[in-house]
Amino acid sequence: MEPLADVLLLHAVQAWCEDCGAEQLLLPVDDEGHPGLCCSVCDAAVFLLPAESVAPQVLRHTA
């Protein structure tokens, strides 16, 4: 397991937390193979959808 300082510096992202109603640091988590993020303030979980669920044509039109 990586030290907390390394996790914060290398993997944390600043993003909007709906539960807090503000931008917070979100830390990566892996819950039984489902990657996601967890708010560092309120511990709310945000699970990410796999990139395969987005059609490649959509990405080309928006880029």
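A disulfide is a pair of cysteine sulfur atoms within 2.5 Å. In general, a disulfide is a covalent bond between the sulfur atoms of two cysteines. By the distance rule, the predicted model has zero disulfides. The sulfur of Cys17 lies 3.7 Å from the closest cysteine sulfur, that of Cys42, which is too far for a bond. For Cys42, the closest cysteine sulfur is in Cys20, at 3.5 Å, again too far for a bond.

The model is predicted: local features need pLDDT of at least 70, side-chain atom pairs count only at pLDDT 80 or more, and totals for chains, interfaces and linings use all residues. Residues are numbered from 1 along each chain as its sequence is written, and side-chain values use heavy atoms, with hydrogens and water left out.

Confidence was examined along the chain. The predictor's confidence in each residue is given as pLDDT, on a scale from 0 to 100. The mean pLDDT of the chain is 75. A value of 70 or more is reached by 70% of the residues. Confidence is highest in strand 1 (residues 13-17), at a mean of 86. Confidence is lowest in helix 2 (residues 56-62), where the mean is 50. Over residues 59-63, pLDDT stays under 50. For that stretch the model has one contact (heavy atoms within 4.5 Å) beyond four places in sequence.

The chain holds two helices and four strands. Helices (H or I, at least four residues) and strands (E, at least two) are DSSP runs, numbered from the N terminus. The order from the N terminus is α-β-β-β-β-α. Among contacts with a separation of 6 or more, 6% join residues 24 or more positions apart.

Accessible areas come from the Shrake-Rupley method with a 1.4 Å probe, and for residues only the protein chains shown count as cover. Buried means under 20% relative accessible area, exposed means over 50%, and partly exposed lies in between (1.4 Å probe, protein chains only). The chain has 63 residues, of which 17% are buried. It exposes about 5,100 Å². Carbon and sulfur atoms supply 60% of that area.

Cys17 is buried, at 4% relative accessible area. Cys42 is partly exposed, at 34%.

Strand 2 spans residues 22-31. Gln24 lies in this strand. Gln24 is buried, with a relative accessibility of 18%. Beyond residues up to four places away in sequence, Gln24 touches Val13, Gln14, Ala15, Cys17, Cys39 and Val41.

Leu25 also belongs to strand 2. Its relative accessible area is 39%, so Leu25 is partly exposed. Leu25 forms a nonpolar surface patch with Leu4 and Leu8. Together the three residues have about 260 Å² of accessible area. Patches are made of residues with over 30% relative accessible area and no salt bridge; like charges are joined within 9 Å, and nonpolar side chains (Val, Leu, Ile, Met, Phe, Trp, Tyr) within 5 Å. A salt bridge is a side-chain nitrogen of Lys or Arg within 4 Å of a carboxyl oxygen of Asp or Glu.

Further along strand 2 is Val29. Val29 is partly exposed, at 33% relative accessible area. Val29 and Ala45 are 16 residues apart along the chain, and their C-alpha atoms are separated by 8.7 Å. Asp30 is likewise in strand 2. Asp30 is exposed, with 58% relative accessibility. From Asp30 to Phe47 the C-alpha distance is 9.3 Å, across 17 residues in sequence.

The loop between strand 3 (34-39) and strand 4 (45-47) contains Ser40. Ser40 is partly exposed, at 39% relative accessibility. Not counting residues up to four places away in sequence, Ser40 touches Leu25 and Leu27.

Asp43 is exposed, at 58% relative accessible area. Most residues other than glycine have a negative phi. Phi of Asp43 is near 65°, a positive value in a residue other than glycine.
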